[in-house]
Amino acid sequence: MNNFIHFFHKYVLIFSIWFISFFFIISLSIKDLFFKAKFININRLIYLVNKKDSFIIDSRSRKNFLSGHIPNSLNIPFKKINDFDIKKLFYLKNKKIIFIFDSHIYLNHYIKIFINVGFKKLYILKNGLDKWNAKNLPLISKNNL
């Protein structure tokens, strides 16, 4: 025991870094367990869209949305989410809602609005449209309309 205390005093910085890292990993793991939306990859998105069991909501700005978006997706920008009547989408309550984000800053607030209305099957596309573009999957832009 005395050796452990001596070792701890000698390497306080290493123990501190290890403890903070351990705490950070545990807190992120717990947060993921209680987060109501699941992150999905591009292959899962394609599967859900082809199954016609899902609906895509793009939270990017209107300008980014018009420059290129996934076909049949609805644009509800972050800045407009509080003004949008989510109850208009109640007919989609039994479908899987997939969100496209380009920033995770307001992600929790955005998702919480849908949860409070009663949506339960919520998914978030990992990395936004980056992987979609990398695989050259189809996008609709203002020029295509």
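In this predicted model, Ser54 counts as buried, because its relative accessibility is 14%, under the 20% cut-off. Ser54 lies in strand S2. The side chain of Ser54 reaches the backbone oxygen of Leu48 at 3.2 Å. Beyond its neighbours within four places in sequence, Ser54 is in contact with Leu48, Val49, Lys95, Lys96 and Ile98.

Leu48 belongs to helix H3, residues 42-50, where Ile42, Leu45 and Leu48 are buried. Viewed down the axis of H3, the buried residues fall within an arc of 125 degrees, so they line one face of the helix. Their cover includes the strands S1 (37-40), S2 (54-58), S4 (96-100) and S5 (122-125), together with H6. The N-terminal end of H3 is capped by Asn41. A side-chain oxygen of Asn41 lies 3.2 Å from the backbone nitrogen of Asn43. After H3 comes Lys52, with a positive phi near 60 degrees.

Helix H5, residues 107-117, also has a buried side. Leu107, Tyr110, Ile111, Ile113 and Phe114 are buried there. These residues cover an arc of only 150 degrees around the axis, which puts them on the same side of H5. S1, S2, S4 and S5 are included in what covers them. The face turned away from the buried side carries the exposed residues Lys112 and Asn116. H5 is followed by Gly118, whose phi is positive, near 120 degrees.

Charged pairs were examined next. Side chains of opposite charge can pair when their charged atoms come close. The count comes to three salt bridges. Lys96 and Asp53 meet in one of them, at 2.7 Å from N to O. Lys96 lies in strand S4 and Asp53 in the loop between H3 and S2, so this pair ties together parts that are 43 residues apart in sequence. Lys96 is buried, with a relative accessible area of 13%. Asp53, at 21% relative accessibility, counts as partly exposed. The side chain of Asp53 also meets that of Lys51 in a salt bridge, at 4.0 Å from N to O. Lys51 counts as partly exposed, at 44% relative accessibility.

Another salt bridge joins the side chains of Arg60 and Asp58, at 2.9 Å from N to O. Both Arg60 and Asp58 are buried. Through shared partners, salt bridges join Lys51, Asp53 and Lys96 into one network.

The surface carries a nonpolar patch. Trp18, Phe19, Ile20, Phe22, Phe23 and Ile26 form this patch. Together they have about 700 Å² of accessible area. Ile26 has its place in helix H2, residues 12-34. Ile26 counts as partly exposed, because its relative accessibility is 37%, between the cut-offs of 20% and 50%.

Two asparagines have positive phi values. Phi of Asn72 is near 65 degrees, a positive value in a residue other than glycine. Asn72 is found in the loop between helix H4 (62-67) and strand S3 (74-75). With 71% relative accessibility, Asn72 counts as exposed. Asn136 has a positive phi near 55 degrees. Its place is the segment after helix H6 (130-134). Asn136 likewise counts as exposed, at 70% relative accessibility.

Notes:
Residues numbered from 1 in each chain as written. Predicted model: local features only at pLDDT ≥ 70, side-chain atom pairs only at ≥ 80, totals over all residues. Heavy atoms only, no water. Helix = DSSP H or I, 4+ residues; strand = E, 2+ residues; numbered from the N terminus. Buried < 20%, exposed > 50% of the residue type's maximum accessible area, 1.4 Å probe, protein only. Arc of directions from axis to C-beta. Contact = heavy atoms within 4.5 Å. Polar contact = N/O pair within 3.5 Å; in protein donor to acceptor, adjacent residues only side chain to side chain. Patch = residues over 30% accessible without salt bridge, like charges linked within 9 Å, V, L, I, M, F, W, Y side chains within 5 Å. Areas by Shrake-Rupley, 256 points an atom, 1.4 Å probe, with all protein chains shown as cover.
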